[in-house]
Amino acid sequence: MSANTALQGMDEAVDAYCKRNRFQQEDITLGRARVFVKQHRLNTRQRNSVLKLKVATNCPDWDTRMKILHACSQEVIGDFEYGQGKPHWKIMEELGMAIGLPREEIVAAKPLPTTEVAWAAWEGLMASRHWLEGIVANACAERANVPGYGRGDAREHGNSWVQRRRWKKAFDLNDDQLEFWSVHELADIDHSNLAWQAVAEHAERLTRHTFDLASLRARPTHLEKLDQLTVELLLGAR
Ligand SMILES: [Fe+2]
């Protein structure tokens, strides 16, 4: 299998996910939005202060490792490129407050059981597998926000673009309050390109020695199931 075939498989898995996951396909409600804020704030912190760093540790390519750390720093320390110096979890808090959640309630939130399961499975992929498999796990969740996947507006503009308009209409929010979504229209192109470029550059050379390239095609599918599990539970909170 060539790197192009692996990339095509990754694209197909993200496209299929975008076309059928309920968070993208169904309307937003206040209950769903509140659970999303509380869980995704925790998710952003865990993925970018623990899980993605394990991939950086395992990555022998210095430039790629620095790009992983830079992306993580935007998420958990401060994003001076797209987020006015604020980390993404903080911008998520502001979105939650804009829809009526007290900050104390957001901060006190605990991970749902499905969020814990997703983190445990991600850890399996990101801590102890080949770094190229790990970096796909780093980025495929973000890839849905990039244009080219799903249908209609999502395919043309990306999921964040669609969510920004959906939340604006449902909750009557202004552009400042919707910053979480506008930031991710741009940041997730950079963040997910990291993995797609790493596979393009390294997969064929590494696969001769170290692992089965076919596993890269399988990664998004596994993660999609986990992500789907979390989203389904979130959507139960109407
Ligand atoms: Fe982010």
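Mentor: Happy to go through it! This is a predicted model, where local features need pLDDT of at least 70 and side-chain atom pairs count only at pLDDT 80 or more, while totals for chains, interfaces and linings use all residues. Residues are numbered from 1 along each chain as its sequence is written.

The exposed residues on that other side are Asn 4 and Arg 20; exposed means that 12 or fewer other C-beta atoms, placed from the backbone, lie within 10 Å of a residue's own, buried means 20 or more, and partly exposed is in between. H1 covers residues 3-20, and helices here are DSSP runs of H or I with at least four residues, numbered from the N terminus. Its 18 residues reach 26 Å from first C-alpha to last, close to the expected 26 Å, a span taken as 1.5 Å times one less than the number of residues.

Now for the buried side: Ala 6, Met 10, Ala 13, Val 14, Tyr 17 and Cys 18 of H1 are buried. Looking down the axis of H1, you find these buried residues within an arc of 135°, so they line one face of the helix; the arc is that of the directions from the helix axis to the C-beta atoms.

Of its 238 residues, 45% count as buried.

Key. Helices (H or I, at least four residues) and strands (E, at least two) are DSSP runs, numbered from the N terminus.
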